[in-house]
Each structure stands twice: as C-alpha cells, then as structure tokens.
Amino acid sequence: MFNKNKSILIVGAGIAGIQASLDLAEMGADVHLIEQKSSIGGHMAQLDKTFPTNDCSLCILSPKMSECARHPGITLHMNSSLISINGEPGNFTCKIRESATYVDPDKCVACGLCEEKCPTKVTDEFDMELRTRKAIYRYFLQSVPSNYAIDAEHCLRITKGVCGLCERACTAEAINFEDTDKEIDIDCGAVILAVGIDAFDPIVYGQYGYRKFLNVVTSLEFERMLCASGPQMGHVVCPANDKPPKNVAFIQCVGSRDRENGRNYCSSVCCMYAIKEAIIAKEHIKGLDATIFFMDVRAFGKEFDKYYRRADEQFGVEFIRSRVAKITELPGGDLRLHFAHQDGGRDTRDFSLVVLSVGLQQRKDILDFSESIDIKLNDYGFCQTADFQPLDTSKPGVFVCGAFSGPKDIPESVMSASGVAARAARFLGLKRQKKVSKKEFPPERDVVGDRPRIGAFICHCGINIAGVVDVPGVVEYAKSLQNVEYAEDLLYACSQDCMETIKQRIEEHNLNRVLVAACTPRTHEPLFRETLREAGLNQYLFEMANIRDQCSWAHMNEPELATEKAKELVEMGVAKARGVTPLQKLPVDIDPRTLVIGGGLAGMTAALTLAETNYRVFLVEKEEKLGGNLRSIQFSLGDSEPQQLLEKTIENIYNNKLITVYTGTEIKTIDGYIGNFRTTVVPLHRGGTPKELQHGVVIVATGAGEYPTEEYRYKESKRVVTQLEFEKMLHNGVFTGKPMQNVVMIQCVNSREEGRDYCSRLCCSQAIKNALVLKRERPAADIYVLYRDIRTYGLKEQYFGEARDRGVIFLRYDIDNKPTVELIDPENPNSKLHVTTIDPILGKQVVINADFVVLAVSINAPEQNRELAQMLKVPLNEDGFFLEAHVKLRPVDFATDGIFVCGLAHCPKDIDESITQATAAAARAMTVISKMVVEAEGSICEVNSELCSGCGLCVEVCAYAAAEMDEEKGIAFINEALCKGCGACAASCRSGAIDLKGFTNEQIFSAIDSLEMAEILQHSGT
Amino acid sequence: MKELVEKIRKIFSDEKLELLIGYTKGTLPLRSTPGLIESADEADKLIFDFTCCNNLAKYLVDEKKRSGNTHRIGIIAKGCDARAVVQLVMEGQFERENVVIIGVPCKGVIDPSKLRKKLNGKEIIKFKVNRDKITLFGKNFELELNKNELFSDSCLSCRYPNAVQYDYFIGEPSEPLGVRDEYASVDEFEQKLPEKRWTYFEKEYSRCIRCYACRNACPMCYCEECFVDRSTPQWIGKGNDLSDTIIFHIVRVLHTAGRCVDCGACAAACPLNIDIRMLGKRIEKEVIERFGFTPGLDFETEPAMATFKENDKEEFIM
Amino acid sequence: MKTKDFEPKIMTFLCNWCSYAGADLAGVSRLQYPTNTRVIRVPCSGRIDPLFILKCLQDGYDGVLISGCHPGDCHYISGNYVARRRFAILKTALEFMGIEPGRVQFSWVSAGEGEKFSQVISKVTEAVKVLGPMRKLVKAANSLVG
C-alpha cells in the first residue's frame, strides 16, 4: 500500500467548492482550494435572495466564505487554474497556474486608495456589466480574500507602460508590477472539480432582442439590479429610460428545454428564481405587475410549491402558460411580447422590462479544461457521471460536485459538495484528530476584574442598515454610553477587512468587551467570536445587537424611529456586554461509531461510505430485509438496473466487517448527545432481547412511502394501480401477450393540493419511465399522462421528449377540474374504466377508455417520524419530513449537533439524489467522528452551591438529565457535558442558585434596566 | 390531653426518637408555643388544642437544616402541618424515614392576628370555652365571641383538618369546619373591576414594612438566601418602594405556587394584618383547576411546577 | 394622553431558536411592524424567570411580550412546556391583581412564522396603545428623578 497523501485539490470556490473544502478540512485534510476569480463565492455571491425562504444570499454565504478563508486547513489559491493532473489516485501531482495580480495580498489592506486613482474604467463582470469598475479592483465589495488585484488586460501600466498611479497611491507598497504568472505543483490524494457553470448567453435567441433592446435583461442581470449592494442599489430602473418599470415579464426556458438549439435539458432552477425575482421585484417597486411566461412551473423541491402558491395568491404574480414567439421594441424602450395562447390564439402584451430566465450551461472553457485533465463530458458539456455514481468523474480519484455535473440549486450543490468530500476522503491518508482545532489562537488575555472597556462596532451592511438607520448617529450614541471606550461604523462588519479592523481596535484601545450591532447573532455570532479569539480575547466577551433583521428591515419606512430603536438595542447590548465574563468550553470525547437508522438505499449508502473510510457503523432496519423502496424499483430512465444496484449494495454491506446490520429491529430509546449516544434497539420478532449501542453520531435515513390513496377508484378497481404497482406488473410481464390498448396515468394524486401542499418530485419521471418501458414492449399501446405540470427537471427532460416522440400523449388538467374514473360496469370490479378529463385549454371533456389507470400517488412521510423526531429532539416540517438546520446551506444537518438526515426522510428525491445526500450525511458525520474530541457549549448552567437548598426542582425540569442531586451534600450540580444551556432550571430556581452563563440573571437585569436608566438620565438632563 | 401524652411517650421510645416537635403551653392565655421534646419524660409538657396555630413543619425543616438531617424527628401534625411535611419530603428537605408524623385531629386554630384585632391592644387574663363560644376576660372587660371569629380563615374552609399522610394518628378524625366556601372570597373579589382590585392590593401592600414575618413563618420558605436578600445581583429593591414591595409579594406567591398548603402561618405572622392569603388563594385555585394538583397529599404526584402535560391549557397564549 | 399620541415601550423576550428566528424572518421578508418593541434574546422561553417580566413593568415598560417555540417544537425539548405553566400562574396573578391582561402577553412563533411574528407585534402594540402608559407597578423612583 502506498502512502496516501493528506492533501486534496479542489477546483472552483463557489458554494460547492467552499462546502467541500470546509468538510474535508474539518476531517483533517489539507485543502488546496483554487479559484480563477480573485474572490471565492461563485455565482451565489451574485444572487440577491435565495428561494424559497428569501434569505439574503450573501448574508448566509458570507459566514461560510469567512470560515473558509480562516480555516487553518484550507489554503486558497486565487486567480488560479488547474493545468494538469498526473499520477495515481492517492498520489496525484497537479500543476496549477497562479496568474499575476500585481498586488501583494499580504501587504494589501484593501484601503481602496489605488482604486480611486486608477484612470481606467472597465465593465464589471460581477455586476453583469451593469456598471464599471477600475483596472485595479476587488471582485466585489465583500470579496474574500479582500485584497485588490490588477486586471492586466486593461491596466495602462501593463499594456502600454504608462500610468502607475496606483503604485504611487499605495502607502502599503503592495503594488508589484514585476509580478509574473507562476506554475506550481501540488501533491494531493484526490481532486474535486467544482468548476460550476455559466449563465446561458441569450444572444442566440435573436427573436428576443437581447443586447438590441436595452430593456431586455437576463435573470442574472436582474438579480444584480434587485440587489441592495448591486449597481442600482436595489432601486430597479429600466436601462433604456432610467425609469422604474411599471410591469415586468419573465420569459422562462431561455436556453433550456430547447431541442432545436441542442439544449434538451431543464436548468432546474429558473422557475424558482423567476418566482423569487418576481416576488422581490414586487416588494421593491410599488404597484409593479409581474408576469411569468412559462411552459411548466417546475417547483419540484422541498417547500417550493408553497412558495409558488404564495407568489400567485399572496403576491399576485401572474402566470401565463405560453412560449413567447418574439419581442419588439416600442418607442421609449417599452417592449411588446408576441405570444400564442394554449388554444392557438395569438396575443401581444406590452411590458417595461423583460427578464430572460436564462438557463445554466457548460463553461465556455470547459472543453479545453476537460481535455487537459482527461475527464469525459456528456452531450451538453456537463461532467459525465455514471448512473448511481453521481459524484465520480470518468477518471478515478477525480470527483465532481455542484452544477458542473448538471443543473443544481444551492442545497443540491451543497449536498453534492459534502458528498464528494466523503468520496474523496477515502483516497486521503486521514487519521482521527487529537486536537480540537488546528487553528492556533493567541493566549487569552486575562480580563477578570478589569473595568469593562467596550468596543462598539456599528455595521452599515451596505445600505441594508444604513439605508434606514442613521448609523453615524448610532455610533455617536454608543460613544456616550458608560464603559464604551471606542465606537466605529463598519461597511460590512462581517467582511474580512472589517474583522481585521475590529482586531486592530481591540489591540489599540485595549478593549475587553465587544459589541457588534449588525445582523442576527444566529448567523454571525460565531464569526465575530472567532475574531475575538484571534485578538486574544475570550470569545464570550462579545454581544450582538440585531439592528438589521429586527430593525432596519422591519421598519424601512420609519427611519427616525428605527434609529431610536437601534440606539436602544445598542444600549441594551452594551448593558449586557458590561456583565459578560470569559467562559470555557468543555472538551467532549467522541465515540467514532455511527448509528444509521433505516436500511434503504440512503441508509446503506451512508453506512458503506463511512465503513469504507474505516468507521464502524450500526445499521438498523425495521424490515426483515435491507433495501427499502429500492426493492420495488425495477427500471431506470436510462439503461442502468436498479436491482443490480440493490444487490451489489446489500452484498457490500454484508461483506464489510465494520458494519453491523440489525434487520427486523426497532429503535426503542436514544439517549445522550454528540459523541456519546446510547441507543437501545429491540428486535421485532418475539423473544428478541434489547441491545444497547454506543455511538457518536446518528444518521436518519428512515425513508418514506406511497400515500395510501383512496382516490380515482383505487380501492374499488383492480385496474387502478399505483406507479410502483404498475412497475412491478411491467417487470413481472403481466401485460405480455394480453390484450391491452389504453393506459391512463394520472399525476399529482394527493400531491400539490390542500393539506398536502408539496410536489413529490419523482412521479413525472416515474410515469415517463414506465410509459417508455411499456411503449418498448407494446409500441401500439396508447398511453395518456394526465398532468398538471411536467416536472422532468435537469437531464431528465430528454426522456420527456422521447416519450412524446414515441407517441405518449400528455394531457394537462386543472386542480379545479380533476379527472374522474368510473368503472364501465359498476357491478364488476374487474371492469375496464372510463377516465374523464377536461382539457383546460379547450374546456372540452375528453373521455378515455382505459384498461389500466396508473396513479402517481404522493410520497408520504411515515407517521413514525414523529416518534423518532421526539427521541432525537429534532423537528419535522408541516408535511412530516425531517426539517434540516438550514434549507440552503445545511441540507443534511440538524440544529442538534451530531445528527444528520438523508434520503426520502428529508424529502422526495430520486436514486442519484439519495445517494448524493447519503454520502453527504456520511461526510458531515465524518467531520465529527474524525475528531477524538469536540468542544461542548460554553454557555451552560452552573449551581452556586452556597445558595442551593436542594429542592430538586432543577432535576425535575431539566430535559437532558444534566441537573443532578449530590445526595451527600444535598445540593444540585450540573453535568457540563449534558447541559445544553436552555436555562429552564435557572428560571425555576427560587433560590437563584442556578444561573445560565452567557445569559445570567444579572446580564438580563442590566439589559432590562438599561433603558430605564437612559430615560432617567434623559429626564434629569433636560 | 392525657391520651396524647401517653401515646407520644410510647411512640418516643418505640421509634427511638431523638427529638419531637409539638406544642407546649404559652406564657399568655390563648397562646401556645412550639416545643422541642428531647425525651419521653418531657412528653407531659405537650398540649394540643385550638391555640396550636403554628405550622410545625417550619420548625422541622429548620431543625433538619440545623442538625444536618440525620436523626429521626417526630412531629405533631394537624392536616396542614402534615401536608407541609409531605411537600418538604417531596422537595428533598429530609428523608421520609427520618420523620415520624403523628397526626392529630384539628378542629380549627386561632389566628393570632384576628385575636389582636379583637383585643385592639387590650390584654386578656383568662378565657372560658363553652362549645362554639369563647369568652375572654381582661382588666375591666369581658368579651364573648363565636370561636369562628378567632379562627384562622384557612381553618374555616379547610378541607384537610386531619393529617393525610401519617405514621400515627391520635384521636378521632375531625370533620372539616365548613364554615366558608373555600374560594368564595376569591371569587367574590374577582368580580370587582380590575381597578378596584388593584387599589385593594396597593392599599394592602402599601402597609407592608418588609419585616418578612410572613416569609419567616412559612414552612415552604427555606431557601438559603431569599431572593429579596440577594445583592449580587439585586433581584428587587430593598427599600420601601411600593412596586418593590408588591413584586416581593407576587414573587413570594409564585414561589409557593403548587407548594402552599394554606396553613395560614403567613397571615397569622403579619404584624400589620395585611391580606396575604388573597393572592395565594387565587393561585392555589388556579393550580388545582389548571394542573389538577393539590400539594402535600401524597408522596407520588409530581409537584405542579416541576412537571407539565403536553396538553396543558394554553388559552392565554396568542 | 390621547391614545394616538402615546407610543408605548414594549419589551419582548424571544427564544433563540424559534421566535428570534421568526423575528429575523419577518425582517428578511421585509414585513413591516411597529417600532415599539425592544428585544432580549434568550436561549429558550424556559429561561424566562417571571421576575424578568415584573422587572420590565417596574422599569416602566408599558407591555411585555414573551414568545417561544410552539408546543413540541422546543429546541430544548420541553423548556416551553415548563415555561407555559410558569406563565399561566404569573398571568393569573397579575390579572387577579387588576393588571390589564394586555400588558403581559405570550405567543408561540416558529422560525418559519415571520408573518405571524409581525402580526403578533402589531397586535400587542395596538393593545398596549389602547391601554395607555403603564402606571401600576412602575417604580416610583422613575418619576422622582424626572
């Protein structure tokens, strides 16, 4: 066995590359992350908001970017590209080229003096050429890393040998015109490609007049126009006349689902981003009308359909099912859209602004790139992956994640990124890490007993806060507060350079407490705490005031009152900060074993991924056999065979000595916490004895099933079957040699309707798959698919085309006019059926004689999820699926540490997606179990033994059994490893003997009292 | 009385008690005083009658604290004393096996504050009891009263005159006096307009001098340091600011919610005859109605504020 | 003082995992609500000692809102259940004493209920406006200094 390398090369630092880097770095790998641009962040940084939560994209991305840049296990190579890969998996040598930037990143302080002086204006790529930048520039305001770079193509000094103003302006002497491109070799065990995609360039759609008509923009351009930190500061105006638009049209599928242009795939994200942009635009511009011209609304993801419905019902976004034929320009810049209604009637509508919902396409340079590193691409230029191996390229040891392997939204990219981290980890020589953190922090300054010296930093958040709140006013106010030694405003407090500023100020002013008034501590507190640590302060000497989410954003029309509130929130923060004390985190030992609950494909994949990386796994399945839903899946859209996958996976499971399988077994209880779980499993067969398993993490892969439908005569007729049942019949040859003419497939049965307001995602492809199988066998059979929207997203779209080519008939129906199914002979349960549906375009009734009716019933979260959720203390969503920690950026984590989710337990998904998420869950688990020790919470309860009277109330109220009685002394104590810091015991304690560190009675009292004090002072002052 | 003394003498030796808490005759007429008996011989000091108003559980918990809760202590217990003892055991203040509960039937006890009111500063020399009547004699005066007029309000509506949990019971169990409906005054008060109610409480509590006699008399107040006495941080102001005083009384009631056995010791202890029971009684009613819990009845049921039901009523939540 | 002119000060205690997140979501969704509230973030509604609420009233807050996770959603399993009992008792006591029910209110707001959060704030603010300034229980020292 050769000596495996601990290093990994990750190409591309969009959200996928960032996530893969973080996961691998947490597992102990040495990560080299290379990025062509001068900032990490990728396309996600360009987005204004994210669907379906309307989370601010940069707000959730920023902490990840900072974390990535700060992580001691990650080396960033900016302005770099991969040239070649040589060697074998486990021992590659990769050549990368670092382009000259002519700015020394170690010297540049990102002060911006150079930019001011630079005379050359260049159209800005990040802002979609909607504004100009200088030849010396930062990729965007919140760039990570924050330093400047020179655009050699446009720099006068470099191209013509004149100028050099920047060099003279730079007081840090960071400019170096002698800089040259460098080629360096990186030895690594594996390579991950996360190179992403480009947005489709709609210039080829001449009929839409892009670049000819100024008011026709792409969706990515519109995203920048909407963005508060974009070129229009979020105040959208039409490019042709600088007026706010009265109405805006979105044209879907530009560069997607277009066979003529060789783009026979769905870009998967455009429907949702168009809905999002329409909602945001309507919020930005009063009275704006928004219309979306679409073919099918593909709201197939978790919580997407609810978002779609809100856009329609709550925000009044108009949806027109039509492909726009062409656009003409009117005098003044308005645009006329020519389109045909579904019934063929031609129509026109005028709009101030037209947004082309451009698809995702392969990067321009992808052909050369793929050749240089010898990986295969598919027909559309995406990275080729084999069925059931969605994370592996054609080259062993080289993996792919993110949209490079096909259109993906953010959470799917993140899942694939975590997944790829686990795939790659097995090629790296990783050992369990002894130390909690690789990162070395300076020793903590002892501040106990020192008078509080508070630094207050007030964030503009671009214009997010400063656009409403008088930030300088708040700074002045902060300065007037007792113990505030220093106050300053920051443009983006969370940006790399501002955090550096905070560190400097801590030092310069000998600060021992820090208050940041910015956004929400829920996302940003960890970041600032780390900044404190870097500055030699205990991380708990920190407090945040939320003057954005809970102030400027909520009071946009009341700047004065919002400012007053911001001041008071700062004041309360300062009051609390005065009393904060240094806290230490308890190290918690981590048991390296994993419990995987559920032995379907997802559970098995997670188990195998872990075991193949040398971790022990307990795999618990309540059925007698492994396999779950995969047992029922006989065909795939392509030519791969699910049953082979099943057999192979089960074989691998049983052949792996590190996996202990418990089939026919249920979970009885789960106790403990990250690193130290104890689970009792009970065999379901009689006489089975319970067994206790000890493990460090849990992966929930409990799956889902078909909804037990009672619609469409399912219960009455044997000729009405579900898609899974139909698939089984096809597989068993039930139809071979029997007379059969018509099959009617009805989609969205118990899906996308009142009470079950979600798309089951798989059913469209499943129907098309089974239709194609039947057509292959009986080309003469007439197959009707009654649908609401066909949602063959991504590369599945080609099979939709194939089905139509083979004569499968697709008939749409409206939710208000659902098809009906009747037995032709009501007395005979074996009777053939009449299916009646109303063509929503013609309004005409269509009656089909059906030999079989096949129902696409919704995927249903099992009732048992509730019990398990309670045992694990994790939440479910409205629909009964497990609810992840964050729908965009933490798609396999729970808020509770050490517990992860994958497969159908999370939401409906197909085989490849389940494999991806299961691999991701394994990776996230590995970020924990790869460590021997993690740190517990610092903010936990403590008992003042002098005050405790031993009444035991705390023991009763503690849900974690963390409060215990010392029987000898007759007083209570807190088990620090178990305490989660909820404070229920503290609030119950009559003696005031228990307090919650970080949220002490004293701190809360001070916060309450602070404003009263202010008012008294105000009164006495006047 | 003879039966009591004899039985206790026997219990004292049978149980190998080191200490027994009971009542002894007071120095003034109509007053008894809690007494500690250290040997069987001393048992003849003991009395039990309608003057025995103190809640002995208070003395038990104090004694346990002082002595380190190791030896077996006997206690003479009316219904309320016994319930307090049960609650204190539930709260881990001493072990059940370290206490011997000697139940006695209670027919109501005098509320010293009521007596003070009636006497209005005058001193009595002797008294005479004739069934429900009591006649007080002092210098130049004679006052005939119905016993109920002197009995604690708690007693007038008491549902548990006899110890519910006990090791021994001496005498025949009493019937509840049943003079008043337990929550009649609370219900009646609640009919008043909120402003009237506030004015009432404000007036009552404004007389409070923060002597904490109510707290000191309460068997359930055994904290090492009461929240009002805390200084780092200071939970409430220590001066005589009315809002601080009111908050003290509210928090006291919150702290005894689901624990208070309504022995009336607090009201009896108050030198200013403040209506301390009103708020407490309302909360007691709420705890019974909302959580179905009455403190001190058994050793199994979890105290109301230490537990919850998922379907607890939440009509007050928006 | 006329109701119109009176801008009450309202303290809100929000649990970190649900209601605080719900408040964040309200902001992220740009739902607009009155500016009268100030926020103290606590890990759990179970952390809230009734004395915190009383202190607010004493300090001259005209109203107090406590918001936690919906039953069953508590990040700390049962903190909100324990809190619910505590709050029921406090609310009974305050109302019995004659303090207007609108002064101290309780709600469950989940991390996904930005809309509900903004509505709750609007409702509470409106209710407290109608009640006018808090006079009961307010510490006298306040007016003395003024």
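Mentor: Welcome! Let's start with chain A: of its 1022 residues, 63% count as buried. Keep in mind as we go that this is a predicted model.

Trainee: Thanks! What does "buried" mean here, as a cut-off?

Mentor: A residue is buried when its relative accessible area is under 20%. In chain B, which has 318 residues, the buried share is 56%.

Trainee: What share of the contacts in chain A joins residues at least 24 apart?

Mentor: Take the contacts between residues at least 6 apart in sequence: in chain A, 71% of them join residues at least 24 apart. The corresponding share in chain B is 69%.

Trainee: Now a pair of helices, please. At what angle do α6(A) and α7(A) pack?

Mentor: For a pair like this, look at the angle and at the distance between the axes. Helix α6 of chain A (residues 219-226) and helix α7 of chain A (residues 270-284) pack at about 30 degrees, with axes 11 Å apart. Angles under 35 degrees count as roughly parallel, and α6(A) and α7(A) are therefore roughly parallel to each other. Their crossing is left-handed. On the α6(A) side the contact is made by Ser219(A), Phe222(A), Glu223(A) and Leu226(A), while α7(A) brings Tyr273(A), Lys276(A), Glu277(A), Ile280(A), Ala281(A) and His284(A). By kind, the residues of this contact are five nonpolar, two polar and three charged.

Trainee: Which way does the crossing of α18(A) and α19(A) go, left-handed or right-handed?

Mentor: That crossing is left-handed. Helix α18 of chain A (residues 723-731) meets helix α19 of chain A (residues 763-777) at about 25 degrees, and their axes are 10 Å apart. These helices are therefore roughly parallel to each other. The residues of the contact of α18(A) with α19(A) divide into six nonpolar, three polar and three charged.

Trainee: Let's turn to single residues. Where is Val355(A) found?

Mentor: Val355(A) is in strand β22 of chain A, residues 353-358. With 0% relative accessibility, Val355(A) counts as buried. Leaving out residues up to four places away in sequence, its contacts include Val217(A), Ser219(A), Phe222(A) and Glu277(A). Ser219(A), Phe222(A) and Glu277(A) also belong to the contact between α6(A) and α7(A).

Trainee: Which residues does the cis peptide bond in chain A join?

Mentor: Omega is the angle to check. The bond joins Val144(A) and Pro145(A), with omega about -5 degrees. Pro145(A) sits in the loop between β10 (136-137) and β11 (149-150) of chain A. In chain B, the bond from Thr232(B) to Pro233(B) is cis, with omega near -5 degrees. Pro233(B) lies in the loop between α9 (213-217) and α10 (242-256) of chain B.

Trainee: Finally, what is the phi of Glu129(A)?

Mentor: Glu129(A) has a positive phi of about 60 degrees, although it is not a glycine. Glu129(A) is in the loop between β8 (121-123) and β9 (132-134) of chain A, and its 44% relative accessibility makes it partly exposed. Cys253(A), another residue other than glycine, has a positive phi near 60 degrees. Cys253(A) is in strand β16 of chain A, residues 247-254, and at 7% relative accessibility it counts as buried.

How values were computed. Residues numbered from 1 in each chain as written. Chains lettered and ligands numbered in written order. Predicted model: local features only at pLDDT ≥ 70, side-chain atom pairs only at ≥ 80, totals over all residues. Heavy atoms only, no water. Axes fitted to C-alpha atoms, helices over the stretch in contact; angles between N-to-C directions. Helix = DSSP H or I, 4+ residues; strand = E, 2+ residues; numbered from the N terminus. Parallel < 35°, antiparallel > 145°, perpendicular 65-115°, else oblique. Left-handed = near helix turned anticlockwise from the far one by under 90°. Nonpolar A, V, L, I, M, F, W, Y, C, P; charged D, E, K, R; others polar. Buried < 20%, exposed > 50% of the residue type's maximum accessible area, 1.4 Å probe, protein only. Contact = heavy atoms within 4.5 Å.
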